[in-house]
Structures are given as structure tokens and as C-alpha cells.
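Dear colleague,

I am handing over the structure below, together with notes on what was found in it. Please read the notes with the coordinates open beside you.

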Amino acid sequence: MINVTPLAADKLKGILDEEGQPDGALRVIVVANEHGAQYMMALEEEAKSDDTVIHENGVKVLVDSASVPLLEGAEIDYIDSLMRSGFVI
């Protein structure tokens, strides 16, 4: 369902370690709006009962049931350039 690139997985592992949550996960939320969709990400320690849990490249990604169909085939990557750096979907 969601692909996490090796670079994004490495960056996420580093962030989780820095935050003291080495067993934590990345939550991905999609909110539909008039311009398409807005993607949000947050760190969480545990999955909720209606979450889909994805294990990819050594990291855990949590997706709520409403966001699952909107993320089908998505990829999470990390970009580090002069103009910007951060996670992208």
C-alpha cells in the first residue's frame, strides 16, 4: 500500500531515536479539501484500533481507516536539497 524509501526510513529511525521513541511509528493522515488532499505526518507510540499498520524498511507506519484508500500506491521519501528538506509523499 505505502512504500517507504530506504532514505526516508533511515531519517525516520534517526528522528524516533532522537525523540526517545525507538519503537514509535510515523502516522500518515490524508484530509480531503477543495484543492485535492492535504497530507499530515506525526510521530506516535502506539497504533489505534482502526489503524492499518505497515512495516516497511524497518519502520512502522500507521494509517487510519479513512486515509487508507487515499494512500494506495503512495511513496514516502526524504528530500534534502538547498531549497528544502523533509519528508514528501
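In what follows, a residue is called buried under 20% relative accessible area, exposed over 50% and partly exposed in between, with a 1.4 Å probe and protein chains only. Please bear in mind that this is a predicted model, in which local features need pLDDT of at least 70 and side-chain atom pairs count only at pLDDT 80 or more, whereas totals for chains, interfaces and linings use all residues. Residues are numbered from 1 along each chain as its sequence is written, and side-chain values use heavy atoms, with hydrogens and water left out.

On that scale Phe 87 is partly exposed, at 25% relative accessibility, while Tyr 78 is buried, with a relative accessible area of 15%.

Strands here are DSSP runs of E with at least two residues, numbered from the N terminus, and two of them pair if DSSP finds at least two bridges between them. Strand β6 (residues 74–80) and strand β7 (residues 85–88) pair in the antiparallel sense over four bridges, and a hairpin joins β6 to β7 through four residues. Tyr 78 has Phe 87 in β7 as its bridge partner. Strand β1 (residues 2–4) runs parallel to β6 and is joined to it by three bridges, with Asn 3 standing opposite Glu 75 in β6.

The structure also holds two salt bridges (a side-chain nitrogen of Lys or Arg within 4 Å of a carboxyl oxygen of Asp or Glu). In one, the closest N and O atoms of Arg 27 and Glu 44 are 2.9 Å apart; because Arg 27 lies in strand β2 (residues 25–33) and Glu 44 in strand β3 (residues 36–44), the pair ties together parts that are 17 residues apart in sequence. Arg 27 also meets Asp 51 in a salt bridge, at 2.5 Å from N to O; Asp 51 lies in the loop between β3 and β4 (52–56), so this pair ties together parts that are 24 residues apart in sequence.
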